2 protein chains.
Amino acid sequence: MTSTSLEPPTRLLCGPGPSNVAEEVLAAMQKPMLGHLDPGLHDILLEVVEMLGAAYLADGLCLPLQATGTSGMEAGVVNLLEPGDTAIVAVCGYFGRRLADMAERAGARVVRVEADWGSTVPNEALLDALDRHPETRLIAVIHAETSTGVQHPLRELGALLREKDVLLMADCVTSLGGIELRTADWGVDFAYSCTQKCLAAPPGMSPLAISSRAMDTLAGRSTPVPFSFDLRLLQQYWVDRPAIYHNTIPVLNVYALHQALCGVLQEGLEQRWTRHAEAGAHLQARARERGLELLADPDHQLPCLTAIRVPDGVDAKRVQSVLLHDHGIEIGGGLGPQAPPMWRLGLMGRNASTETADRLFDAFDSVLSRERIPSAR
Amino acid sequence: MTSTSLEPPTRLLCGPGPSNVAEEVLAAMQKPMLGHLDPGLHDILLEVVEMLGAAYLADGLCLPLQATGTSGMEAGVVNLLEPGDTAIVAVCGYFGRRLADMAERAGARVVRVEADWGSTVPNEALLDALDRHPETRLIAVIHAETSTGVQHPLRELGALLREKDVLLMADCVTSLGGIELRTADWGVDFAYSCTQKCLAAPPGMSPLAISSRAMDTLAGRSTPVPFSFDLRLLQQYWVDRPAIYHNTIPVLNVYALHQALCGVLQEGLEQRWTRHAEAGAHLQARARERGLELLADPDHQLPCLTAIRVPDGVDAKRVQSVLLHDHGIEIGGGLGPQAPPMWRLGLMGRNASTETADRLFDAFDSVLSRERIPSAR
């Protein structure tokens, strides 16, 4: 039985997430903890709600769920779908598959529209599926597919669906705060994200953005939503106080998210997107110069997540392990049994800089060279 | 739009929770954050699993859910019940009602066995209900009813059910680490708790204890469980690694829980229960001497939560507000529209001491005196 305190080593977290927490965010978690029903906490909650609206460029309800990003996905599925409803899900990686799985667990009939890992599902294919299934209630896509580094053309999909009577849900776990995302302008009815990637806070909450149209549909449900995910109760708890108690929100995680959102808005959304774009482009250029092949279709490459195919004959896990143990740098591998052999390199939040990109790639390159992978140059 | 950092005031948290976080637990949250798939993190997860088993005196699977205590309740309900199953729920306060609500949301047929707020539901009444509903799959009780300060005789219920083919679930949100709880010996199949009360960690996770019998029943389900709450996937993620990815666990909250559990086990469970018992008895004696009436049946009074009836003509919310703003002390009021007028005073975790009981009651007494409530003495 352990009885000693933890001594985890310091890591540069350049995998698919989490990213390193900003120092001022860590400091916020040391501030005096208020009770979750303290009148003073309500002001903080309302500031978080307002700042999330600004970060999502949303015009509906924003609040963070009291659970990690995975539960944000599930909250969308169980609120927007009822048993027997049809959902069209774009699947071109691990998280699209998971979303389809969750929708089936919720009793929905799921129409998967698939593409290979590294590609994106064409919007036309989603529209075709909608034509074949006009009863569809929800179309769901992964805005930033963390398992492949592919970005879905969400703005264009929103425009194509603008006059349709169907809800649009987007997984923004690796996009919020890192790449352009305008949920109101683009017509996204439900977006969910996490705190531990481009926002540079620790994991523990899932920021949600819900359109007025989506909230309106909840009133017409004939089946209940799991209590933990009941958006109407969460709205009463976060916004309409002092009406109702829902759960004991993770107060210190709320402080962290508050500070992280202050950082995002002080920097400016467009400046932050540019910083992520430049860091990712720099890393990707170096990888290509090195003769490495990227998994993602170049037209849909995310800046914040770069998936690199593993050259033949290389022990990918060994490269990860040497980077971790000799250089203190975490990168990711392929996720799940369907993944082609790859490494996943992330530059998110405070790590999204060309300096960190160079530090990461220099170390990665030195390990590859030790593994006798010659440079293309 | 806010852009400044938070400056929350310091509070002594003596409501129904959260309690003040121990300093060493806060310090643990400043340690370098590992990625959730870091091999080094698995050792930490396994230590948390082992220490939770020791804290719950459990012999099955223990792990903390990546969400707050409310979701721990829901995880139990959705894993142990399928649509159409019968559940008997003891309801004598807010949390029993909520549990019954959640079970109905999950499609179960709920048999409520009720008692007044301040009483406990007699075990004989639960057995009678079981006789009337022999198809019952689950009996659920609130071990420590946070809305009333009442303790359910859980050990005795477990003994009565030992030979019955029914699962026993217990809400241990306000009992784990504060009062005697022996899940294996008492035959509890599913217990859930929180981190922010008697464990003295911040809110954000829900420690679960699941018996082998309960895990076995999951294999026989014919309907799926919501992904977020799927105990078999969570077991693979927390224990059986590196098999599977489930969610990005809240790493810093895991560090905090690890440190908090180290504290619990270093102190010793029985010593900790005694400390909570002495602090609560001291507070309750002072309240009775002051001529105040306690809500809970004295035979089932919790030590860690004391509900005091509001004397006629007193503005209960004003007393709370003056305590909060003039003394920096948080206490709770009644929870929900069914609650009789009351204050709820908690002495949990690091606050469970006679010194803190005196500080709390001295301030409470001075506010009552200003409100012209004469002392009995």
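Tutor: Start with B:Pro18, which sits in the loop between β1 (12–13) and α1 of chain B. Keep in mind that this is a predicted model. The peptide bond that joins B:Gly17 to B:Pro18 is cis, with omega about 0°. Now look at the other chain. There, A:Pro18 lies in the loop between β1 (12–13) and α1 (23–28) of chain A. The bond from A:Gly17 to A:Pro18 is cis as well, and its omega is near 5°.

A:Leu57 is in the loop between α2 (39–56) and β2 (61–65) of chain A. A:Leu57 is not a glycine, yet its phi is positive, about 50°. In chain B, the loop between α2 and β2 (61–65) holds B:Leu57. The phi of B:Leu57 is positive too, near 45°. B:Leu57 counts as partly exposed, with 16 C-beta neighbours inside 10 Å.

How are the two chains related? A rotation of 180°, with 0.0 Å of shift along its axis, places chain B on chain A with an RMSD of 0.0 Å. That is a two-fold axis. Within chain B, the C-alpha nearest the axis belongs to B:Ala67, 2.2 Å away from it. The same surface serves both copies, since 100% of the contact residues of chain B recur in chain A.

Next, the contact itself. Chain B gives 68 residues, and chain A gives 68 residues. On the side of chain B that touches chain A, two or more residues come from each of α1 (23–28), α2 (39–56), α3 (69–80), α4 (94–105) and α10 (251–267) of chain B. The largest share, nine residues, is from α10(B). By class, this side of chain B has 34 nonpolar, 25 polar and nine charged residues.

Now stay inside chain A. Where they meet, domain 1 of chain A supplies 25 residues and domain 2 of chain A supplies 23. On the domain 1 side, α11 (269–289) and β11 (305–309) of chain A each supply at least two residues. The most come from α11(A), with four. The domain 1 side divides into 15 nonpolar, six polar and four charged residues.

Finish with one helix, α12 (residues 316–327) of chain A. Its 12 residues reach 16 Å from first C-alpha to last, close to the 16 Å expected at 1.5 Å a residue. Which residues of α12(A) are buried? They are A:Val319, A:Gln320, A:Leu323 and A:Leu324. These four lie on the same side of α12(A), because they cover an arc of only 130° around the axis. An α-helix has 3.6 residues a turn, so residues three or four places apart point the same way. The other side of α12(A) has A:Arg318, A:His325 and A:Asp326, which are exposed. The buried residues of α12(A) pack against β12 (329–330), β13 (332–333), β14 (342–346) and α13 (354–370) of chain A. Just after α12(A) comes A:Gly328, with a positive phi of about 65°.

Key:
Residues numbered from 1 in each chain as written. Chains lettered and ligands numbered in written order. Predicted model: local features only at pLDDT ≥ 70, side-chain atom pairs only at ≥ 80, totals over all residues. Least-squares fit on C-alpha atoms with pLDDT ≥ 70 in both. Contact = placed C-beta atoms within 7 Å. Nonpolar A, V, L, I, M, F, W, Y, C, P; charged D, E, K, R; others polar. Expected span 1.5 Å × (residues − 1). Buried ≥ 20, exposed ≤ 12 C-beta atoms within 10 Å, placed from the backbone. Arc of directions from axis to C-beta.
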